[in-house]
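Q: Could you walk me through this fold, starting with the sheet and then going on to the helices and the packing?

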Amino acid sequence: MEDSAGHAGEEIFNKGTSRRIWGELYKVVDASDVLVFVLDARDPMGTRCLQLERELRRRQKHVVLLLNKVDLVPTWVTRRWVQELMKEFPTLAFHASITNPFGKNSLLNLLRQFGNLLKDKKHVTIGMVGYPNVGKSSVINTLKRKTVCKAAPVPGETRVWQYIALTRKLYLLDCPGIVPPSPSDFEADCAKVLKGVVRAERLKT
């Protein structure tokens, strides 16, 4: 239903909220042994999906929080957020880059530890989830040291889930960006723009 400005309910503000996208997400959740939530270091709490985290706790899934884009915030901010988020889940700071990454070895070591922990499994699947444009595909490209997932500085590039072999035992799943359902009011839609969920050039001015 639209407001007087014809704003609310526009299709572009429903990015990541469609039934198909959530269906893709739950396929990834069901197929994954470990879920890596990729967060934007500039707004960690704003790019968390607490509803999904609660569901994963209920399912007793292994969860890791990955604070991506730490190159865009001061070091002390990253350190404080890692300390806070570690109270809930294992948390790592990360800068996705094929040529100059940060946190890559720490993430690889943690994923290998999960591989050892789940030694009864022939393959361990790691699902990458998070808001659109937080850098899920870029994290995978960093781990692989080459472009294996299409990544762009705009949201919505990943449309379906992708399976990528990291090692002989570890496999990565890239998932389309998801946005928790919220009232489609002006305040919520502005937040989506600020978080990079919506492509700014598609906004009506």
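A: Before the sheet, two terms: strands (E, at least two residues) and helices (H or I, at least four) are DSSP runs numbered from the N terminus, and two strands pair if DSSP finds at least two bridges between them. This is a predicted model, in which local features need pLDDT of at least 70, side-chain atom pairs count only at pLDDT 80 or more, and totals for chains, interfaces and linings use all residues. Residues are numbered from 1 along each chain as its sequence is written, and side-chain values use heavy atoms, with hydrogens and water left out.

Q: What stands opposite M128?
A: That is D174 in strand 6 as well; strand 4 and strand 6 pair in the parallel sense, over five bridges.

Q: And what is the strand order of the sheet?
A: Six strands form an open sheet with mixed pairing, in the order 3-2-1-4-6-5. Strand 3 and strand 5 (162-165) are the edge strands, each pairing on one side only. Neighbouring strands are turned by 25 degrees against each other on average, direction ignored, where axes are lines fitted to C-alpha atoms, for helices over the stretch in contact, and angles run from 0 to 180 degrees between N-to-C directions.

Q: Which strands does helix 4 touch?
A: Helix 4 (residues 104-117) packs on the sheet and touches strand 1, strand 2, strand 3, strand 4 (124-129) and strand 6 (170-174), contact meaning heavy atoms within 4.5 Å. Its direction makes about 175 degrees with that of strand 2. Helix 5 (residues 136-144) also packs on the sheet, and its direction makes about 155 degrees with that of strand 6.

Q: Switching to helix 3, which of its residues are buried?
A: In helix 3 (residues 75-85) they are V77, T78, V82 and L85, where buried means under 20% relative accessible area, exposed over 50% and partly exposed in between, with a 1.4 Å probe and protein chains only. They lie on the same side of helix 3 because they cover an arc of only 130 degrees around the axis, the arc being that of the directions from the helix axis to the C-beta atoms.

Q: And what does the other face carry?
A: The face turned away from the buried side carries the exposed residues W76 and R80, whereas the cover over the buried residues includes strand 1 (34-40), strand 2 (62-68) and strand 3 (91-93).

Q: Which residues touch the most other members of the largest nonpolar core?
A: Of its 26 residues, these are V36, L66, L107, L111, I126, V139 and L143; such a core is a set of buried Ala, Val, Leu, Ile, Met, Phe, Trp, Tyr and Cys residues joined through side-chain atoms within 4.5 Å. Helix 4 gives the largest share of this core, five residues.

Q: Last one: where is S32 found, and is it buried or exposed?
A: S32 is found in the loop between helix 1 (19-31) and strand 1, and it counts as buried because its relative accessibility is 1%. A polar atom of its side chain lies 2.6 Å from the backbone oxygen of V28.

Conventions
Polar contact = N/O pair within 3.5 Å; in protein donor to acceptor, adjacent residues only side chain to side chain.
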